[in-house]
Amino acid sequence: MLRPRININGARHLIALATGKPNPVTRQTVYRWMNTGRFPKPLTELHSNTIWDTYLCVEKLNLDAATLPELNS
């Protein structure tokens, strides 16, 4: 079974949640965090879509997966 995945918009929301911001961060912030090692690298995927493993992102951001309803449904 595949683990949940998020796209760039999901990544923007997770980083905002981790930093306590009410609005999603910019795409530039996602890639900056990725380049500095604060956010995981995206998975290799067909059709040039940028996606991430949700659990790796949650772990890297020190978030509690149990508090995220999207992961517990």
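This is a predicted model: local features need pLDDT of at least 70, side-chain atom pairs count only at pLDDT 80 or more; totals for chains, interfaces and linings use all residues.
Q: Which residues of the largest nonpolar core touch the most other members?
A: Leu14, Ile15, Val30, Phe39 and Trp52, out of 16 residues. A nonpolar core is a set of buried Ala, Val, Leu, Ile, Met, Phe, Trp, Tyr and Cys residues joined through side-chain atoms within 4.5 Å. Buried means under 20% relative accessible area (1.4 Å probe, protein chains only).

Q: Which helix gives the largest share of this core?
A: H1, with five residues. Helices are DSSP runs (H or I, at least four residues), numbered from the N terminus.

Q: Which residues of H1 are buried?
A: Ile8, Ala11, Leu14, Ile15 and Ala16.

Q: And what comes just after H1?
A: Gly20, with a positive phi of about 75°.

Q: Switching to Thr29: buried or exposed?
A: Thr29 counts as buried because its relative accessibility is 12%. Thr29 lies in helix H2.

Q: What do the side chains of Thr29 and Thr26 share?
A: A polar contact of 3.0 Å. That term means a pair of N or O atoms within 3.5 Å; within protein, one must be able to donate a hydrogen and the other to accept it, and residues adjacent in sequence count only if both atoms are side-chain atoms. Another, of 3.2 Å, joins the side chains of Thr29 and Arg32.

Conventions. Residues are numbered from 1 along each chain as its sequence is written. Side-chain values use heavy atoms; hydrogens and water are left out. Buried means under 20% relative accessible area, exposed over 50%, partly exposed in between (1.4 Å probe, protein chains only). Helices (H or I, at least four residues) and strands (E, at least two) are DSSP runs, numbered from the N terminus.
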